[in-house]
Amino acid sequence: MFQLGKTIVSEEILEKEFVCNLSACKGACCVDGDAGAPLSEEETKILADIFPKVKPFLRPEGIAAIEAQGTSVIGEDGEFETTLIDGADCAYVIFDGPTALCGIEQAYNQGIVDWKKPISCHLYPVRVKEYSEFSAVNYHKWHICDDACSLGKELEVPVYKFLKESLTRKFGAQWYSELEKIAEEHKK
């Protein structure tokens, strides 16, 4: 672990390799698991605001789940998360053939909304835990991402490089620039 500004960062994000491989996993992270994607309180407000614009992109069962439960819910751990359909698929998931995609991101890609998706989704396989004095930035290993780990290894892309856009979105360009310097030192 090392400190970078107000973050404590796991060295695994420098050492592990990862490149999402949608053709292999089919977006399993959007449909597997036992909870929705973690959300900040601010993100719950964004979801409520953009839902009318995102709704046309969603599946009927996703819309029904959101209309019944809300645009976000409080999970068993007491934290905010995305709504699920019958305790399984994220309510915002859509499909392109067998591949799960994010309906919010599709609306973003078409210029309908200016928010890409929850930062926890954008950052995966990195998970951030907020504490009062710092944020813990950790690599999360999940078996459904084994193909992403293999592809990352084949392409020699460390987690932090794969996540440049989302890490910059979360922590800023200066933080990411410092992370790159630490990564270079770490290689030596």
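Helices H9 and H10 are oblique to each other, a label kept for angles that are not under 35 degrees (roughly parallel), not over 145 (roughly antiparallel) and not 65 to 115 (roughly perpendicular). This comes from a predicted model, in which local features need pLDDT of at least 70 and side-chain atom pairs count only at pLDDT 80 or more, while totals for chains, interfaces and linings use all residues. Residues are numbered from 1 along each chain as its sequence is written, and side-chain values use heavy atoms, with hydrogens and water left out.

Now for the numbers behind that helix pair. Two packed helices are described by the angle between their axes and the distance between the axes. Here, H9 covers residues 164-171 and H10 covers residues 173-187, and their axes come within 7 Å and cross at roughly 125 degrees. An axis is a line fitted to C-alpha atoms, for helices over the stretch in contact, and angles run from 0 to 180 degrees between N-to-C directions. On the H9 side, Lys164, Leu167, Thr168 and Phe171 take part, and they meet Ala173, Trp175, Tyr176, Leu179 and Glu180 of H10; contact means heavy atoms within 4.5 Å. Sorted by type, the residues of this contact are six nonpolar, one polar and two charged. In that sorting, Ala, Val, Leu, Ile, Met, Phe, Trp, Tyr, Cys and Pro count as nonpolar, Asp, Glu, Lys and Arg as charged, and the others, Gly among them, as polar.

Zooming out, the protein chain has ten helices and eight strands, where helices (H or I, at least four residues) and strands (E, at least two) are DSSP runs numbered from the N terminus. Its radius of gyration is 17 Å, close to the 16 Å that the globule rule gives for 188 residues, so the chain is as compact as a globular protein of that length. That radius is taken over C-alpha atoms, and the rule is 2.2 Å times the number of residues to the power 0.38. The C-alpha trace spans about 55 × 40 × 35 Å along its principal axes. Among contacts with a separation of 6 or more, 66% join residues 24 or more positions apart.

How much of the chain is tucked away? Of the 188 residues, 44% count as buried, meaning under 20% relative accessible area, with exposed being over 50% and partly exposed in between (1.4 Å probe, protein chains only). Ser72 is a buried example, at 17%. Ser72 sits in strand E3, residues 72-74, and, leaving aside neighbours within four places in sequence, is in contact with Leu39, Thr44, Leu47, Glu81 and Thr83.

Most residues other than glycine have a negative phi, and most peptide bonds are trans. Lys26 has a positive phi, near 60 degrees, in a residue other than glycine. Lys26 lies in the loop between helix H2 (22-25) and helix H3 (41-54) and is partly exposed at 32% relative accessibility. Beyond residues up to four places away in sequence, Lys26 touches Pro98, Thr99 and Ala100. Asp86 also has a positive phi, near 50 degrees; Asp86 is in the loop between strand E4 (80-82) and strand E5 (93-96) and is exposed, at 78%.

The peptide bond from Tyr124 to Pro125 is cis, with omega near 20 degrees. Pro125 belongs to the loop between helix H6 (119-123) and strand E7 (126-130). Cys20 is 105 residues from Pro125 in sequence, but the two are 9.3 Å apart in space, C-alpha to C-alpha. Cys20, in the loop between helix H1 (12-15) and H2, is partly exposed at 43%. Away from its sequence neighbours up to four places off, Cys20 touches Ala148, Leu151 and Phe162. Finally, Gln110 is in the loop between helix H5 (103-109) and H6 and counts as exposed at 56%.
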